[in-house]
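I have put my comments into a few numbered points, so please read them with the model open beside you.

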Amino acid sequence: MESKLKQSGAVSLDGVEFPVYSGTHGQDVIDIRSLGKQLDKFTFDPGYTSTASCESQITYIDGDEGILLYRGYPIDQLAEQSDFIETAYLLLHGELPTPDGLTDFRDNITYHTMVHEHFKNFFNGFRRDAHPMAVMCGAVGALSAFYHDSTDIHDPEHRNIAVHRMIAKMPTIAAMAHKYNVGQPFVFPRNDLSYTENFLQMCFSVPAEEYEINKIAASALDKIFILHMDHEQNASTSTVRLAGSSGANPFACIAAGIACLWGPAHGGANEAALRMLMEIGTVDRIPEYIKRAKDKDDPFRLMGFGHRVYKNYDPRASVMKKATNEVLDALELKDPIFAVAKELERIALEDEYFVQKKLYPNIDFYSGITLRALGFPTDMFTALFALARTVGWIAQWQEMLSDPNQKIGRPRQIYTGAARRDFVPMNQR
Ligand code: ACO
């Protein structure tokens, strides 16, 4: 990455000037890298709410306006007009591909989808009822033991192969985790299918009969993957960058990202939102839950509502809602939970509490309903998120390695523990 940091001003602190940079969009940032040297002080910022950890040219979010751009392109345009492979190319390379570029990239991904035969033995070590995310953490980390020829992060060719392998093998591994969990045989990838169609057939086909791809289901899942591909410096992406900053190999870095994504405050929220909608069950019970969500003494929150960055409608939620509608129509499913979700959204968006706190539906509010309609068990939801987010993680990892300002990640702390004291021998305690 060529750094585009340009000074646009300065701020003074204790008589020392610090440069200010302006990005393409968004708030200006103060460069405090010399703070420790100049003022012998650090900043205190738990959760990094006021800290830009890096320069990035991949994704931009405007939380107040409800805007999400991948390499400058609005998320709704990509979800409607592009597909998984083309958007993955865009995130990795910065520009939309030419027809030949796209064909080459698609071929590269398609021809890396199989996993080493011995890799299958690895699965037998897990309990049958293992959560797919537990399997994914272990299996993805284990890839570095199988693909030594792509772990030299200083070799651009190694890096390139690792990127293709990562994106290509994630659906195979996620589908294997699902098949292992439900006690069915693993299904080989098929190179005549699109990325998402192939994933569906690896999850749902069985050797006993022909599997027919439902184009609408595949297209909806493709959209879900695009919507989840990247979201700038969120917890799991920052984890991947932090792991990668020490020079760890890409497979290990993505395994670290998967571990972080697993948490209920991050990738696990779509499961929680669906469970909540099922618990509400019918439209007449909505007021009771709205009341609970507003009660300060009740820990209950409307799952799938609110976001740290979006203080407006999450742009991914609008695309998701439309896709949910399309899938339910196409599959001729009348899901009462969808009716509950739409009515809950309508009531909440007219309620003073939610309006004042700028709490809008986020992507998780509708994605669980769609994934359930497509036949995925709730345990698989976060694994599907990990599959899609792998593209963002690996693009951000690549960008970090080529950043001229890159350093090993090493936050500081303010120490408030015991002051220096001398060891007390056992017989004097
Ligand atoms: N239901 C009811 N009240 C809420 C909700 C909610 N879903 N979300 C926030 N609030 C209230 C809080 O109680 C708080 O009220 P107060 O100011 O009176 O104390 C206020 O809104 C601000 O909430 P914070 O938790 O401080 O906001 P923050 O930005 O830290 O949290 C979060 C964002 C964690 C997403 C929160 O909105 C939440 O818990 N939502 C439900 C879980 C969820 O859907 N997570 C998925 C996020 S999207 C993703 O990860 C892909």
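The points below go through the ligand site, a pocket, a cavity and an aromatic pair.

1. A reminder before the details: this is a predicted model. Please keep that in mind when you look at individual contacts.

2. I would start at the ligand. The shell around the ligand has 19 residues, and those that come nearest are Lys296, Leu302, Gly304, Phe305 and Lys357. By class, the shell holds 8 nonpolar, 5 polar and 6 charged residues.

3. On the side-chain side, a polar atom of lysine 296 sits 2.6 Å from a ligand oxygen atom. The backbone contributes too: a polar backbone atom of leucine 302 is 2.7 Å from a nitrogen atom of the ligand, and a polar backbone atom of phenylalanine 305 is 2.9 Å from a ligand nitrogen atom. As for cover, the ligand taken alone exposes 930 Å², and the protein buries 71% of that.

4. Next, the second largest pocket, with about 280 Å³ of space. Its lining counts 16 residues, and Leu92, His93, Gln398, Glu399 and Ser402 lie nearest the centre. Which helix gives the largest share of this lining? That is α7, with 5 residues. Helices α3 (84-93), α7 (156-182) and α18 (381-401) each supply at least two lining residues. The lining of this pocket divides into 7 nonpolar, 6 polar and 3 charged residues.

5. The structure has 1 cavity of 30 Å³ or more, and the volume of the largest cavity is about 40 Å³. Ile224, Phe225, His228, Asn270, Leu371, Phe381, Leu384, Phe385 and Ala388 form the lining of the largest cavity. The lining of the largest cavity comprises 7 nonpolar and 2 polar residues, with no charged ones.

6. Finally, the aromatic side chains. There are 19 aromatic pairs in the structure. Take phenylalanine 119 and phenylalanine 146: their ring centres are 5.1 Å apart and their planes stand at 80°, so this pair counts as edge-to-face. This pair links distant parts of the chain, since phenylalanine 119 belongs to helix α5 (residues 119-123) and phenylalanine 146 to helix α6 (residues 132-146), 27 residues apart.

Methods:
Residues numbered from 1 in each chain as written. Predicted model: local features only at pLDDT ≥ 70, side-chain atom pairs only at ≥ 80, totals over all residues. Heavy atoms only, no water. Near = heavy atom within 4 Å. Polar contact = N/O pair within 3.5 Å; in protein donor to acceptor, adjacent residues only side chain to side chain. Areas by Shrake-Rupley, 256 points an atom, 1.4 Å probe, with all protein chains shown as cover. Nonpolar A, V, L, I, M, F, W, Y, C, P; charged D, E, K, R; others polar. 1 Å grid on protein atoms, 1.4 Å probe; cavity = no way out; pocket = protein on both sides within 12 Å on 5 of 7 lines; lining within 4 Å. Points joined across faces, edges and corners; volume = space filled by probe spheres on them. Helix = DSSP H or I, 4+ residues; strand = E, 2+ residues; numbered from the N terminus. Phe/Tyr/Trp six-rings, centres within 6.5 Å; stacked < 30°, edge-to-face > 60°.
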